[in-house]
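The following paragraphs lead through selected features of a single protein chain. Please keep the sequence and the model in view while reading.

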Amino acid sequence: MNTTTKTPIRTAIVGVGNCASSLIQGVSYCRAMGDAAIGVSFPNLGGYTPADVELVAGFDVDKRKVGKTLGEAAFAAPNCTEQFHTEVSDQQALVYRAPDLDGVAAHMLSKPEDRSFRLSDAPEMARDEIIDLLREKGVEVLIIFLPVGSQKAVEFWAGCALEAGVSIVNGIPVFIVSNPVWAEKFTKAGIPCVGDDFKAQLGATIVHRTLANLAEMRGVQIDRTYQLNVGGNTDFLNMTEHDRLASKRESKTEAVQAVMEERLPTDDIRIGPSDYVPWLNDRKVAYVRLEGRLFGGARTNIELRLDVEDSPNAAAEALTAIRCARIARDRGMAGPVAAASAFLFKHPPEQIEDTDAHDALLAFANGDEG
């Protein structure tokens, strides 16, 4: 068991959108509620609780968030997630002006103001300024919540983290931790990292994986499947530009294919965001269908409708991932943290069946994985 003296996990957020709002609320909620907090994944992990996360900086491009505190930015438009804990006066860290790069799709700027981005007039921070700020703030973990499709932006922030000696938690489907080239960079730099693309606490992907795994376990032949997701937050609006969707579809599809004994042909599996429905706000509705054959070829199918608040579903796992990154740092680990990545993310460096990944994460946190 690790005996390192526990200090707050100094964390910065890139992209202060809905997921960040839930994370900000969640840290304050866990501090206020303690053991009475509802729905906490791993209340104690390697000696760390969610209340040990200390948010020390945010980075965003929107004029309604830049220059504000994280507590103020959490509830600023276009954020529309559930406000489950509004007493966030303890979240006084500032939001700084991030560079635009490809984090802002052109179509987003023409959408209604309460639904989309409005760029800040403040000058964009230069790379060296960001690295200096990360060092000045003593940031240990940088969590990335940028819009889907932000390839250049995520690579930019991963580079800044490497230079500043900061671990990343990559919450989106731009492949860094699962990319051998980037993974090697973090390994050589002696910096642990976890990712890519969160599985939600109880979201469409984890439920879909569980059903597919159950079918395999019971000897059922799955012939075809789909997962169609609709939602009304800025992420779904961003993904109406289909050019930004390739990595998201790959991440979600691979997460399900990985639990199949035999991979399905491309035409027999379809997984990913399907439409934007504004009035849903941060609710995500997933329609899942699996068709297959029982003993003797007898037909069967499963249909499921899952309705969740999208961002708290991700924030619960973010609080686990941040703590895993700190545990890895305490132990002097470098590169991808395999157990944490496999359990918490759709596109980890190594796919592991979920119950095995759960046990591996606990073994990692307890220091007895070897």
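Which residues do ring pairs link into a cluster? Ring pairs join F59, Y96, F156 and W157 into a cluster. The model is a predicted one, in which local features need pLDDT of at least 70, side-chain atom pairs count only at pLDDT 80 or more, and totals for chains, interfaces and linings use all residues. Residues are numbered from 1 along each chain as its sequence is written, and side-chain values use heavy atoms, with hydrogens and water left out.

Rings of Phe, Tyr and Trp (its six-membered ring) pair if their centres lie within 6.5 Å; planes under 30 degrees apart count as stacked, over 60 as edge-to-face and the rest as tilted. By this rule the count comes to seven aromatic pairs. One of them is tilted because the rings of F59 and Y96 have planes at 35 degrees, with their centres 5.9 Å apart. This pair links distant parts of the chain, since F59 belongs to strand 2 (residues 53-60) and Y96 to strand 3 (residues 95-97), 37 residues apart. Helices (H or I, at least four residues) and strands (E, at least two) are DSSP runs, numbered from the N terminus. F59 has a relative accessible area of 1% and is therefore buried, where buried means under 20% relative accessible area, exposed over 50% and partly exposed in between (1.4 Å probe, protein chains only). F156 and W157 form an edge-to-face pair, 5.5 Å centre to centre with 90 degrees between the planes, and both F156 and W157 are buried.

Rings also take part in a second kind of arrangement, with charged side chains. A charge sits over a ring if NZ of Lys or CZ of Arg is within 6 Å of the ring centre and within 35 degrees of the ring normal. K185 lies over the face of W182 at 4.1 Å from the ring centre, and R331 lies over the face of F364 at 5.1 Å.

The next topic is helix packing. Helix 1 (residues 18-33) and helix 9 (residues 310-330) pack at an angle of about 65 degrees, with their axes 8 Å apart. Axes are lines fitted to C-alpha atoms, for helices over the stretch in contact, and angles run from 0 to 180 degrees between N-to-C directions. N18, C19, S22, L23 and V27 of helix 1 meet residues of helix 9 that include P312, A315 and L319, contact meaning heavy atoms within 4.5 Å.

S41 lies in the loop between helix 1 and strand 2 and counts as buried because its relative accessibility is 12%. Its contacts, leaving aside neighbours within four places in sequence, are Q201, A316, E317, T320 and R323. The C-alpha atoms of S41 and T320 are separated by 6.8 Å, although these residues are 279 apart along the chain.

Backbone geometry remains. Most residues other than glycine have a negative phi, and most peptide bonds are trans. The bond from A77 to P78 is cis, with omega near 5 degrees, and P78 is placed in the loop between helix 2 (70-73) and strand 3. The bond from G195 to D196 is likewise cis, with omega near 5 degrees. D197, in the loop between strand 6 and helix 6, has a positive phi near 75 degrees and is buried, with a relative accessible area of 1%. L101 has a positive phi near 45 degrees and is partly exposed, with a relative accessible area of 42%.
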